[in-house]
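Subject: A structure to look at

Hi,

Here is the structure I said I would hand over. Have a look first, and then read on for what I found in it.

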Amino acid sequence: MADGPRSATARAHSNIAFVKYWGNRDHRLRLPANSSISMNLADLHTTTTVAWERSLRLDTLRINGALAADSALERVRNHLDMLRARFKTRRYARVCSMNNFPMGTGIASSASAFAALTMAAGTALGLNLSERELSILARMGSGSAARSIPSGYVEWHAGHSHETSFAETFASSDHWKLIDVIAIVSRAHKRTGSSAGHETAGSSVLQPARIGSAADRMGAVKSAIMRRDFEQFASVVEEDSNLMHAVMMTSDPPLLYWAPLSFAIMKEVRHWRTVEHLQVCFTLDAGPNVHCICASTDADAVVARLQALSSELEILRSTVGCGAYILKP
Ligand code: DP6
């Protein structure tokens with residue numbers, strides 16, 4: 001390897017899951033308890049430059065311009081340790097990461113972050129990794145990052161081993177132009193993150209029922225997306241989100257992510273769909289923010305109704321996104 005820094009810049013999009021990942025069969029390998037489905041979010045992304053430098057004695061990390069420390073740095077260093085072993089390099093890395101959306105709000109910044117980091121790190125070393133391998137490696141940093149590598153509508157196969165747990169596209173981003181209208185109910189940093197939550201999922205008596213029925217919901221959501229059947233899509237997506245939150249609420253310790261406004265929006269969304277016939281449904285990750293998934297024709301109406309509910313509500317909006325890609329090789 002030449003002496004100069006080896007660097008590359010990659011961009012990856014956040015994703016929103018329709019059948020959720022919650023709980024691991026193997027925490028170290030991040031082998032999930034169930035397969036999951038998501039769509040990438042075109043307008044929410046992380047752009048990461050990795051420079052492997054011979055002169056560095058430690059990995060450094062900047063997020064949105066500021067030097068990161070503590071848990072964020074430790075998590076990235078652990079991921080880089082894994083990549084160093086896999087890529088057979090002894091160099092340390094200078095990592096600069098920029099998010100174009102707020103972090104720690106229940107919008108999956110770890111998904112886009114570890115997908116972009118993994119792709120930039122491999123490309124910087126001149127490695128030509130397959131999409132499947134990138135998805136497998138990104139999964140080790142954050143489970144949902146496996147789904148931010150492929151494009152459009154994505155299925156993450158739970159698998160039964162490190163090599164068989166990866167995500168792939170099952171429908172392209174232009175197959176169905178759904179919009180995610182995200183109501184930012186709170187920007188506050190969540191107290192219990194997903195990683196800690198995955199570890200306690202098994203303490204809920206409801207988790208076996210959620211896992212046991214996940215394959216049925218996978219089939220139903222996939223077929224609804226393939227047929228662009230919003231009614232079927234909406235009922236299963238809401239059921240799956242509610243099931244995950246039922247597990248969270250009944251875990252030890254209980255995880256209560258919904259805020260009063262989250263609950264009010266969920267009820268309104270159901271009203272807008274069942275009474276006003278808008279094509280919209282809700283799903284919530286490990287936070288209070290409500291993702292209102294809607295047909296592109298109804299997105300403006302959904303935004304207007306959310307603003308009428310609470311004038312202070314911050315609203316983000318995204319179309320379906322492509323997979324991770326290299327900006328500067
Ligand atoms: C609720 O991928 O954030 O968003 O692997 O510990 O980084 P780690 O967890 P993460 O978990 C995502 C949980 C979720 C549901 C989902 O995106 O499927």
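To start with the overall make-up, the protein has nine helices and 14 strands (helices are DSSP runs of H or I with at least four residues, strands are runs of E with at least two, and both are numbered from the N terminus). Bear in mind that this is a predicted model: local features need pLDDT of at least 70, side-chain atom pairs count only at pLDDT 80 or more, and totals for chains, interfaces and linings use all residues. Residues are numbered from 1 along each chain as its sequence is written, and side-chain values use heavy atoms, with hydrogens and water left out.

The C-alpha trace spans about 65 × 40 × 35 Å along its principal axes. Of the 329 residues, 53% are buried (buried means under 20% relative accessible area, exposed over 50% and partly exposed in between, with a 1.4 Å probe and protein chains only). Among contacts with a separation of 6 or more, 75% are between residues 24 or more positions apart (contact means heavy atoms within 4.5 Å).

Next, a pair of helices. The axes of helix 2 (residues 109–124) and helix 3 (residues 131–141) come within 9 Å and cross at roughly 125 degrees (axes are lines fitted to C-alpha atoms, for helices over the stretch in contact, and angles run from 0 to 180 degrees between N-to-C directions). That makes helix 2 oblique to helix 3 (under 35 degrees is roughly parallel, over 145 roughly antiparallel, 65 to 115 roughly perpendicular and the rest oblique). Phe114, Ala115, Thr118 and Met119 of helix 2 make the contact with Leu134, Leu137, Ala138 and Gly141 of helix 3. Six of these residues are nonpolar, two are polar and none is charged (Ala, Val, Leu, Ile, Met, Phe, Trp, Tyr, Cys and Pro count as nonpolar, Asp, Glu, Lys and Arg as charged, and the others, Gly among them, as polar).

Is helix 3 itself enclosed or open? Eight of its eleven residues are buried, so helix 3 is largely enclosed by the rest of the structure. The cover over those buried residues includes helix 1 (70–87), helix 2, strand 3 (31–32), strand 8 (153–156) and strand 9 (167–171).

Helix 8 (residues 260–274) and helix 9 (residues 299–309) also cross, with axes that come within 12 Å at roughly 140 degrees; they are therefore oblique to each other. Here Ile265, Glu268 and Trp272 in helix 8 meet Val302, Arg305, Leu306 and Leu309 in helix 9. That contact has five nonpolar residues, no polar ones and two charged.

Finally, some loop details:

- Proline 253 sits in the loop between helix 7 (230–249) and helix 8, and the peptide bond to it from aspartate 252 is cis, with omega near 0 degrees.
- Lysine 88, in the loop between helix 1 and strand 7 (92–99), has a positive phi near 55 degrees without being a glycine. Lysine 88 is exposed, at 73% relative accessible area.
- Arginine 228, not a glycine either, has a positive phi of about 50 degrees. Arginine 228 lies in the loop between helix 6 (214–227) and helix 7 and is partly exposed at 46%.

Cheers
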